[in-house]
Amino acid sequence: SNPFEVKVNRQKFDILGRKTKNDVGLPGVSRSKAIKKRTHTLLKEYKEREKANVFKDKRFGEYNTNITPEEKMIRRFALERQQNYGKKNIYNLNEDEELTHYGQSLAEIEKLNDIVDSDSDTEERGTLSAELTAAHFGGGGGLLRKKVSSGQEDEEEEKPKSRKELIEEMIAKSKQEKQERQTRRESTLELTEKLDNDWKEIQTLLARKPPKSERKDKEVEKPKPDEYDMIVRELGFEMKAKPSERMKTEEELAKEEQARLQKLEADRLRRMRGTNEQAEKKPSHVSADDLADGFILDKDDRRLLSYKDGKINIENEEEEKEDEEEDEEGGEEEDENEEESEDESASEDEDDAADSHSDLDSDLESEEEDAGNKEEKKHKTNENESQTVEELDPKREAAKSELPYTFAVPESYEAFKSLLAGRTIEQQLIILERIQKCNHPSLAVGNKAKLEKLFGFLLEYIGELATLDLPELRTIDKLVLPLYNLCQMFPEAASDSVKFILRDAAHDMEEVIEVKGRAALPGLDTLIYLKITSLLFPTSDFWHPVVTPAFIYMSQLLTKCRITTLQDVIKGLFICCLFLEYVSLSRRFVPELINFLLGVLHISLPKKQAQGYTVVHPFTPVGKNSELLLVCDKEDLESWQKQNLPLGIVTRLKETSRTEMNHIRLSCLALCFDLIKKCAALYESLPSFHEIMHPVRILLTQHVQVNEYPEKMQEWYHSALKELETKVKHYTPLICEKKKPVPLKQYTPKIVKVLEFGRKQASSKKEQERKQLIQRHKRELKGAIREIRKDNQFLARMQLSEIMERDSARKRKVKELLGSLATQEGEWKAMKRKKWKN
Amino acid sequence: DRYSAEDKYKIWMRHRYQDCVGCLGELMGHDAFQVKELSLCTLMKFVELEAQYPLIKIEWKGTLTFPFDLLKVVVDGLLPVNEDASLLISRFQEYMEYDDVRYFVMKAVTANIGQVMQKTKERPLPFYQQNVFSLISPINMPNKESDMVKFMVKQENREELKMSKLQAHRQVFQKMWLTFLKHKLPTGLYKKVLVILHDSVLPYMNEPTLMMDFLTVAYGIGGAISLLALNGLFILIHQHNLEYPDFYKKLYSLLDPSIYHVKYRARFFHLTDLFLSSSHLPAYLVAAFIKRLSRLALTAPPESLLMIIPFICNLFRRHPACRVLVHRPGGPADMSEDPYIMEEEEPSESRALESSLWEIQSLQNHYHPDVAKAAAVLNQSLSEMEDDISGLLELSGYELFDKEVKKKATDVPLEFEQVRGLFGKKNDIFAEHFSLD
């Protein structure tokens with residue numbers, strides 16, 4: 001367009017990639033557009049402002065959008081015809097006349113016209129049948145033929161056959177012929193297809209069989225690989241010797257191990273303190289060229305471009321194999337290709353290829369070979385496995401002869417149990433080990449889940465062993481090892497299953513408490529589980545997904561469960577030991593532990609009055625169970641020897657005699673003394689150590705009759721008391737940590753990061769939307785005002801021009817009038833002058 | 001004869017009716033529950049009918065026509081001395097919906113207690129008192145006079161009658177309870193009474209201050225009963241201007257190790273929080289409370305610790321003068337003894353303000369991570385806002401466990417020390433004391 005009519009909106013900055021709508025404006029064009037629009041709308045309105053008449057459009061369906069334009073036209077046409085119906089037009093001469101050709105209505109001929117598809121039949125291309133010519137080229141042929149036929153046929157018969165009939169007959173014939181041709185073609189197609197299929201079936205048989213003579217030649221050409229050749233090839237493929245790392249000396253190994261342990265220990269300490277883990281993590285190495293965009297090029301996982309059979313190879317290797325098999329079913333060409341390549345390739349490759357084709361090969365020989373290979377391989381793997389087993393456990397040769405080498409992971413707990421049933425401990429261990437080896441997660445995909453399940457089974461099995469009448473604790477003792485190994489492999493699954501067991505136990509207890517108001521201590525299995533927890537997981541962590549719930553559960557056991565029998569005391573002391581073990585590294589404070597030990601000491605004393613200490617739940621100062629551990633029998637006291645409490649006693653105490661019971665009581669007491677001693681050593685550093693141990697010390701010093709105890713017990717007692725009393729009392733007043741000074745408020749500008757230009761940086765999406773709406777409203781309002789103003793300007797202009805026009809017209813008329821008057825006057829004066837002259 | 005034949009017949013009938021009522025009253029002590037229930041229902045039917053068609057002619061309008069003596073027979077039957085009749089009493093509850101029946105039953109119970117107790121000479125009667133309690137504790141007193149619309153007997157002049165006045169109802173109710181509580185109660189019943197006292201007894205009494213003696217005695221008993229009496233006392237102190245000398249001293253002496261273990265822990269600490277919320281309390285008193293509570297916390301289970309530590313923090317916020325307990329910059333460098341005297345009964349003598357909160361410092365080493373974190377808060381200067389402990393009061397150990405078990409862990413740290421059997425750890429305590437037999 002005209003460059004003088006273009007207005008360019010210059011931009012301050014050029015920004016790449018931004019599209020601008022309004023960089024070029026055409027003010028002239030847009031103005032004229034606006035004016036045109038106004039003349040069509042506003043001006044019209046203005047001009048019709050005082051008119052009462054309305055123009056009505058009565059065309060049929062003009063404003064009805066439901067009818068399509070075509071239909072509308074048809075209806076209109078019909079209406080028009082209706083209106084004109086019956087009105088004869090005298091000037092229309094040839095209205096009812098019919099055009100004929102050869103005495104026949106042209107319209108009818110047109111209707112019957114059948115275009116024969118001459119292209120469809122390839123055989124008769126170019127030739128014209130007599131019927132066809134007759135039909136297409138009018139009566140000439142027909143007449144001729146009529147003459148020929150009329151000679152033979154009866155005139156009588158022939159005559160009534162009108163021309164119309166004749167043509168119809170002809171058409172029918174041609175149609176029939178066409179149909180026949182079509183069916184013929186279809187059948188041939190079918191036949192070829194069938195042939196193709198048949199061929200395909202046989203083709204596979206033929207594919208690998210070159211003509212016999214050729215085959216023989218080939219066999220001759222390809223003699224058995226020479227030993228020398230084989231060696232050469234082997235050498236060629238053999239790995240070049242690389243300088244490996246030097247064998248480490250034992251010292252170095254020990255050092256490495258120590259470093260590893262140190263690192264683990266440091267890790268443990270960090271977890272124990274429970275400090276913020278994120279903060280202490282070392283930042284990972286950052287390259288100087290790092291763009292800090294989070295992009296890490298650690299592994300190139302792009303696949304290399306490769307071709308196979310002329311196609312780009314995309315799928316994974318596994319899929320490739322399948323593809324190969326499918327391809328072979330497909331075309332012969334590919335097969336041939338492969339054959340050739342096989343022939344060319346080395347003999348080693350052949351094995352592989354044979355392997356992959358084994359299910360398709362018709363060649364008997366190769367199949368046999370293949371089978372042989374497979375068997376060999378199996379043998380080898382078996383041998384390998386047995387070798388490893390032998391290497392690892394030379395001791396277990398005796399058991400090995402009976403046990404199978406491979407085990408599937410049992411699917412259910414019952415299957416697992418039946419697998420281990422009737423085996424000795426050693427055999428059970430071997431079985432578990434082999435299950436683990438045969439189903440290592442790196443061997444197959446599903447193995448991980450299977451082995452994770454195995455952990456659960458093993459745990460359940462241990463629980464069952466512990467609940468037996470005669471708990472097989474020795475077995476459990478051994479079974480802990482595979483449990484530990486499995487746990488190391490699958491920490492998440494292991495923690496989940498242990499948590500599940502704990503949750504069940506806690507839930508059961510809670511239910512019993514809700515119903516009865518009190519609960520009994522759980523069975524040996526739960527205690528064993530708690531012990532196993534401490535073996536599998538680090539108990540010193542500030543928070544641990546398994547250990548922390550276990551802590552709370554044990555605390556519940558010590559505070560909620562009634563102590564009514566000697567077994568309960570033993571179980572309680574077992575839990576106390578667990579508590580001590582759990583906190584042995586972290587030295588955390590367990591109030592329940594001290595309470596319980598105090599309670600145990602309390603029930604070992606005879607009825608007492610002024611106490612100076614208070615026992616808390618589950619122990620009561622007086623009541624029926626408040627002398628549970630009291631031993632009065634002098635003889636039993638004398639004969640007592642410190643013995644380890646057998647754990648099995650928890651389930652079968654009833655058979656034991658009175659003396660034995662008393663001995664167990666005394667052993668419990670000794671254990672209690674020892675635990676107090678250990679607690680004292682553990683909590684020595686707590687600032688209120690003396691307050692914590694105060695009740696225990698009062699009980700020990702003021703209530704216990706030491707002299708009645710046997711000598712051994714006195715030793716236990718004194719060592720405990722000594723541990724309590726030797727600690728110095730040391731108190732330093734507390735001082736709060738200093739508060740961080742609060743920075744003064746300053747008038748520094750608030751810097752907001754601009755993430756996207758041109759868009760308002762609002763806080764939330766809702767706010768953003770609101771602002772947008774406000775802005776849009778403003779813009780619309782402005783636009784509307786501008787339009788109204790322009791409308792008014794336009795109207796004013798129009799009115800002005802109207803007035804000007806009117807004025808000019810008036811002026812012109814006045815001028816005309818004046819002019820005519822002037823001429824009139826002039827003429828009159830001239831006449832007057834003439835008269836005067838005359 | 002002065003009587004006509006018809007009159008004689010009526011007198012005879014009246015006698016038979018009295019015999020029948022007597023028999024039914026005896027049958028309420030029958031062994032079979034069905035018999036008891038049936039006779040109860042029959043008697044109540046009699047009560048209803050007799051109230052409608054009184055046996056004695058009304059002398060003037062406005063006289064009560066309720067057969068009180070008959071109802072007394074029922075109540076006597078409901079309160080046997082030697083057996084538990086709670087089943088029958090619960091069956092009777094439906095009649096207590098009627099305002100008039102309730103009114104007279106309360107009167108009858110009062111009379112019954114007086115008779116029985118006089119007969120037995122103050123000997124404790126556990127069954128009898130239990131029965132009385134189960135009869136009177138569910139009584140649902142109306143709140144407004146307009147609520148009293150359900151009467152067994154419809155009488156035109158109801159409005160004028162005494163029993164339709166709320167004031168009268170309350171009077172009878174109060175008399176009944178006072179009579180009941182006048183006598184010594186067994187411990188279990190004592191607790192039950194105290195549990196419902198503040199909620200369903202005190203608000204319906206005309207003069208709640210009459211309960212003062214009972215509550216004061218209960219508060220002095222000690223243990224759980226004192227804890228429970230606290231609630232009633234609080235209402236009296238708060239709403240009825242009760243002056244209780246040495247209240248805080250008494251409260252202080254209530255603090256013993258069992259408060260963290262008892263069932264009524266939530267209720268007790270809720271009230272203690274209320275009592276200690278006043279900002280006019282002297283600093284030495286609050287300090288003594290803080291020190292004692294934290295000393296006792298050394299034996300508390302984690303669920304109580306999670307509640308008491310924010311509780312103590314709140315006390316510090318309310319009474320900034322006590323902050324010396326956690327922050328004493330210019331104090332003596334070393335002390336050989338905690339100045340606080342635990343055994344001292346008098347809070348002012350306990351020297352709590354000279355001490356420091358070493359107990360909470362010890363709890364920073366608690367095995368439960370949340371407790372340790374909560375205790376560590378006292379190391380820093382406290383924020384201004386008080387912690388809301390209402391949600392922590394009812395915390396139970398199982399809830400704690402559930403919360404921990406449900407926590408999702410990103411990774412599970414493992415023990416790196418190789419296992420050598422069940423008791424195979426280094427220095428295993430179990431190996432020393434237990435054997436695997």
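**Exercise 1. How many residues does the contact take from chain A, and how many from chain B?**

Keep in mind that this is a predicted model.

*Step 1.* Count each side: chain A puts in 92 residues and chain B puts in 75.

*Step 2.* Now turn to area. The two chains bury about 7500 Å² between them, with 64% of it on carbon and sulfur atoms.

**Exercise 2. Work out the salt bridges across the interface of chain A and chain B.**

*Step 1.* The rule finds four of them across this interface.

*Step 2.* Take the side chains of Lys560(A) and Glu303(B), which pair up in a salt bridge at 4.0 Å, N to O.

**Exercise 3. Which residues line the second largest cavity?**

*Step 1.* Search the whole structure, and eleven cavities of 30 Å³ or more turn up.

*Step 2.* Read off the lining. From chain A come Leu734(A), Ile735(A) and Cys736(A); from chain B come Val326(B), Leu357(B), Ile360(B), Gln361(B), Gln364(B), Leu378(B) and Asn379(B).

*Step 3.* Sort that lining by class: seven residues are nonpolar, three are polar and none is charged.

**Exercise 4. Where in chain B does UniProt place the feature "transmembrane region"?**

*Step 1.* The unreviewed UniProt entry gives residues 214-237 and 268-290 of chain B.

*Step 2.* Check them against the model. Residues 214-237 of chain B are 92% helix and 0% strand, with end C-alpha atoms 14 Å apart. Residues 268-290 of chain B are 70% helix and 0% strand, with end C-alpha atoms 15 Å apart.

Definitions and conventions. Residues are numbered from 1 along each chain as its sequence is written. Chains are lettered from A and ligands numbered from 1 in the order in which they are written. This is a predicted model: local features need pLDDT of at least 70, side-chain atom pairs count only at pLDDT 80 or more; totals for chains, interfaces and linings use all residues. Side-chain values use heavy atoms; hydrogens and water are left out. On a 1 Å grid over the protein atoms alone, a cavity is a set of points where a 1.4 Å probe fits but cannot get out, and a pocket is an open set with protein on both sides within 12 Å along at least five of seven lines; lining residues have an atom within 4 Å of a point. Grid points are joined across faces, edges and corners, and a volume is the space filled by probe spheres set on the points. Ala, Val, Leu, Ile, Met, Phe, Trp, Tyr, Cys and Pro count as nonpolar, Asp, Glu, Lys and Arg as charged, and the others, Gly among them, as polar. UniProt positions are given in the numbering used here, feature names are shortened, and annotations may be inferred rather than shown by experiment. Helices (H or I, at least four residues) and strands (E, at least two) are DSSP runs, numbered from the N terminus. Contact means heavy atoms within 4.5 Å. Buried area is the accessible area (1.4 Å probe) that two parts lose on being put together, summed over both.
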